[in-house]
Amino acid sequence: MSNSPKRIVIVGASLAGARAAHSVRAAGHDGPLTLIGAEPHLPYDRPPLSKEFLTSEQDPGSLALDPDGAYDEIDVEVMASTFAVGLDTESRTVSIAPAAGGSAETLPFDGLVIATGAAARSLRGTEGIAGVHTLRTLDDSMAIREGLRAGARVAVVGGGFIGSEVAASAVARGCEVTVIEAATAPLMRGLGAEMGARVGALHDDNGAELRLGVGVDGVLGTDRVEAVAMADGSRVPADLVVVGIGVVPNTSWLEGSGLQIDNGVVCDATLCCGPPGIYAVGDVARAPNGWLGPWHGDAPIRVEHWTAAVEHGMAVGRNLIAPDEAQPYHSVPFVWSDQYDARIQIAGHPDADDDVEVLVGSANDGPNTHNRDSSRSFLAGYRRDGRLSGVMALNAIRPFVRFRRLLAGHPTWGEALELAATLN
Ligand SMILES: Cc1cc2nc3c(=O)[nH]c(=O)nc-3n(C[C@H](O)[C@H](O)[C@H](O)COP(=O)(O)OP(=O)(O)OC[C@H]3O[C@@H](n4cnc5c(N)ncnc54)[C@H](O)[C@@H]3O)c2cc1C
């Protein structure tokens, strides 16, 4: 612990930052600890924002990541509504400024955790048009919820996880929903055309219209949105548009800091960004994951998954406090998505170029019947270089747990088939 820092500052008060605050204390840091967050709220959970928060009248307070008083208990100074606007790695200071405007001040640190996450990408030319939303924050979700009235025409631009979840929530609220996706199947990049189409079928099954293979030119309407203008000249009339076309890591405040910024903050396997005592975690971090080694070596990868943000946050305390004993990050990637009554779970690193095969259940059963144990329940395996690279499960929670565990040991395709035989 001889190198351990005295004053620790965490920038970004959300999942990875909050978990980092706990892990820094758990690792034995007893000096000052400050958590800086741009949002006015204490750290809250984002996954419900596209799911149950939209379909219920749930109170925003129920999304809090930690119970009342938790940060006082571990003696963390939380500075909400405060932006980090600059980092000087020489003087080891962060410049901060109030979100409401006002002059910047500097905050010295010995240890720094960068946990500024990502921001939703918006559709060019839609700024200032009422009724057009992106979804990243609690405030975004509250504004969308307001517009999800029965009968409202909702257009969702982007058929990824967040777009698909918003579509499902809008259907549940009685809206007329159109999902617009430029690719020929939703989730094609991650799951490939075949499994993307299987998952996309959930929209058809549940009464949302899916428009594939056509781009969006912009939105129509002066003060308020009236329609989405499609690249083929057609229009999708809409009272509300939700744009789900990916995210951009929040790194602009690090410009000129000397840290390597390239689609996130580039880190080593221990999440260190180069200068001693400076680490990055969660959606903003681009770090190697030892589990991906057989395919990616130690190339840094950025992921936007809840579990990785938690794992990074939990790991960084130990690495920051005892850098001589720092451990490389190593974990089977995992993400889930809830759409309509289906639970989709993905583990490992499936790729659109992998061979894919249904290993458990059948993907060809009849339409989903609003029931988790319904007829459409299967697990598909992805094969690369003779090994199982990843799995995708739809309403197949128990088989998924077994395969997620198997993936830890980089199983051969034969071992995957053996496990599948015990589950069919
Ligand atoms: C609607 C929605 C649904 C999701 N559903 C799922 C799901 O089902 N499954 C799953 O695995 N993952 C899901 N995710 C992804 C998951 O929530 C993210 O991976 C996770 O929130 C990442 O945590 P983070 O702390 O790294 O970043 P973030 O949660 O993005 O937090 C970063 C924080 O830093 C703050 N910040 C940014 N810049 C500054 C600055 N300069 N100064 C101070 N503060 C700053 C931001 O305001 C924000 O509060 C979902 C995400 C969203 C938005």
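What is the volume of the largest cavity? The largest cavity holds about 130 Å³. A cavity is a set of points on a 1 Å grid over the protein atoms alone where a 1.4 Å probe fits but cannot get out. Grid points are joined across faces, edges and corners, and a volume is the space filled by probe spheres set on the points.

This is a predicted model, in which local features need pLDDT of at least 70, side-chain atom pairs count only at pLDDT 80 or more, and totals for chains, interfaces and linings use all residues. Residues are numbered from 1 along each chain as its sequence is written, and side-chain values use heavy atoms, with hydrogens and water left out.

**Cavity and pocket**

The whole structure has one cavity of 30 Å³ or more. Its lining has 16 residues, and N289, V303, A308, Y329 and P333 are the closest to its centre. Lining residues have an atom within 4 Å of a point. Helix α8 gives the largest share of this lining, four residues. Helices are DSSP runs (H or I, at least four residues), as are strands (E, at least two), numbered from the N terminus.

The second largest pocket contains about 200 Å³ of space. A pocket is an open set of points with protein on both sides within 12 Å along at least five of seven lines. Here 17 residues form the lining, with L42, P43, A64, D66 and D68 nearest the centre. Helix α3 (residues 70-73) contributes the most, three residues.

**Ligand site**

The shell around the ligand has 34 residues; S14, E39, R46, K51 and R136 come nearest. A residue is near if one of its heavy atoms lies within 4 Å. Strand β4 gives the most to this shell, three residues. Domain 1 (8-119 + 248-325) and domain 2 (122-245) each supply at least three residues; the bounds come from an automatic or database domain assignment.

| Residue | Part of residue | Distance |
|---|---|---|
| S14 | side chain | 2.7 Å |
| D283 | side chain | 2.8 Å |
| H305 | backbone | 3.5 Å |

Taken alone, the ligand exposes 1,000 Å², and the protein buries 94% of that. Areas come from the Shrake-Rupley method with a 1.4 Å probe.

Note on methods
A polar contact is a pair of N or O atoms within 3.5 Å; within protein, one must be able to donate a hydrogen and the other to accept it, and residues adjacent in sequence count only if both atoms are side-chain atoms.
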